[in-house]
Amino acid sequence: MRRTTEPLPRSLAPLSGESLVSHLLRLGHRLGLSPLDLIRAAGWNDHAYSQRVPGSALLDLSKPQAEAFARLTRQTAGEVSALTLAQWRDRYPPIAQSIPGPGGVMRPGPWLFIGSPRFCPSCLAGDGTPIQRLHGGPWNKLWHLPIVFACIEHQTYLEADCPHCGQHTSWRLIQRPNDHTLHPAQCRWTIDAQAQKRKSHACGGRLDQRLAPPADDQQHPTAGVLRFQQSLLARLTPPAPATATSEYYTNLRLAAALISTTWPQGWHLFDTSAAERVDSYCRKLHGDGDRSRYQRVRDIPPRDPVTCGNLLMAADRLLARDDLPDLLADFVRAAFKESPSRTPWALIFDRQESNCSERLRWAAAPVTRVFRRTNGCRGMRAPLRNNYRAEHIPAYLEQGWYQSHLADCAGSASKLVRRTAAVRLVQWAMGGSQNDAATFLGIKPDQANYTASSDTRRWLQAGCDPVEFDRALRTLASELRAPPTDFRRRRQALQDWTLSPDIWNALVSDLHQSRYTPSSTSAIGNDKHHRSTSGPSSPAASTPSLHALSKPHSPTESGSNGLHAGAPHGLTADLASSP
């Protein structure tokens, strides 16, 4: 057939919700043309797609493609574009992720059914009008989305496979695209694969006709399932916000992956029948072997619509929990023994982290160790918090903050916890590494152990659970608001402050010497620890050493007012009142 963009002698008006695939099949059936004939007539296919319909056409059409097909079929370019999934690209992330760039190749993700959508037989049978009795009802473009598992109109689960040949999976948009003999509701799968290509034939089974009436014990969607399905569909259109919708679908995908990769930890989220279906799906998806770092990592939704509906509903309930961080930690820690960043779910989360909500990103951080980065995947870690600034954190955590949030999980490691907490809070505010945060605080990374994950055994021996610490610290961070004290300014102001020996001796000469107060000579010998870190004095501060105060060193923040232990009263009062 020669290439032309001259209008066809007859056309066919698109049906509501119809996909591009459906329109090609139904229009071709009316004109006695194959789908391949139609796209050749519109000038779509080039050498790369000479014998098939490009899958990218379902996702989006370029302006020239839409205009050419519109002229051919006597439609508008807008009506042609409405046959694609492009209208949901800002709401359903797998669509935008699968659209190829200029000159690129489409690589559809598993959360799109490109060539094998589920279907509703009653919808394919049509509404009884003359045109639909001849050419069938529409293949709805919603069926290409795995989040659609039930037909609201007919209150039934969609069908996943051809009931005649059992086939369903294909990356090709249209099977047998050069075959013009099949009805749009017939299965186009080629059977007898051993036969020569020219002698092969299609299954041809009617998908708009059930082989047998539904049995009484066949599962039908409950009212709750249908309400959930309707809520998923409602998010695809305004007034639902596009950004919130996009994040919700990604959250749902990640929660479903959490359930499947940690199975059977989520068994309690399902009733017995649904749990058995999900169990079968998880075993096929991830294998039956031991969970290890070599476990197959697959982020694929269930093909079975009943299983898919149950899994997505459970994922939605999980996301709604107020104790989401605790729940994620319980699932992952119970299922895996390796480092949090190497668990199967952490690997899946890392791929989708940029599209999920801030709430899920924050809840998942302790069990994934995944961080956003600036300037691409090789950039530095991006800040996680914006409700306070790095300069508002003292080098040794405020006593009041420690007592109200971290004391219960510190065990005997209070100093380690307070130092680590300060470094982590600064890192969350400024981004970068923990070494960068330590340097900002005036701490030498090689002289202070502040990384919980680097010395887990030491933490546990001290009675401090790193996961509980992380959880408590995140609660503290969420409650912080920019305080009036600028601790960085205080450190800089006191960095070169010293007292001469004569002034120091004059200050301490009249002090009462008790048996609990060490002499200045003994204090000099004990000052090595004070000079090696930027920590505060002990609550019952001893006389500061002459050796320490006669040399510049980094000041410290201690207690609620953060005053330097050896500073004259007038100077510390001025600094305490500074912003």
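At what angle do helix H16 and helix H17 pack, and how far apart are their axes? Here are some friendly notes to read alongside the structure.

1. Please keep in mind that this is a predicted model. The protein has an average pLDDT of 78, and 73% of the residues score at least 70. Among its elements, the highest mean pLDDT, 97, belongs to helix H9 (residues 223-234), while helix H26 (residues 569-576) has the lowest, 35.

2. Now back to the opening question. Helix H16 (residues 399-410) and helix H17 (residues 414-430) pack at about 120°, and their axes are 10 Å apart. The crossing of H16 past H17 is right-handed.

3. Which residues make this contact? From H16 come Gln 399, Tyr 402, Leu 406 and Ala 410; from H17 come Ser 414, Val 417, Arg 418 and Ala 421. Sorted by class, the contact has five nonpolar residues, two polar and one charged.

4. Finally, have a look at Arg 277, which lies in helix H11 (residues 272-286). Is Arg 277 buried, partly exposed or exposed? Its relative accessibility is 30%, so Arg 277 counts as partly exposed. Leaving out residues up to four places away in sequence, Arg 277 touches Gln 219, Asp 304, Val 306 and Thr 307. Arg 277 and Asp 304 are 27 residues apart in sequence, and their C-alpha atoms are 9.0 Å apart in space.

Note on methods:
Residues are numbered from 1 along each chain as its sequence is written. This is a predicted model: local features need pLDDT of at least 70, side-chain atom pairs count only at pLDDT 80 or more; totals for chains, interfaces and linings use all residues. Side-chain values use heavy atoms; hydrogens and water are left out. pLDDT is the predictor's confidence in each residue, from 0 to 100. Helices (H or I, at least four residues) and strands (E, at least two) are DSSP runs, numbered from the N terminus. Axes are lines fitted to C-alpha atoms, for helices over the stretch in contact, and angles run from 0 to 180 degrees between N-to-C directions. A crossing is left-handed if the near helix is turned anticlockwise from the far one by less than a right angle, and right-handed if clockwise. Contact means heavy atoms within 4.5 Å. Ala, Val, Leu, Ile, Met, Phe, Trp, Tyr, Cys and Pro count as nonpolar, Asp, Glu, Lys and Arg as charged, and the others, Gly among them, as polar. Buried means under 20% relative accessible area, exposed over 50%, partly exposed in between (1.4 Å probe, protein chains only).
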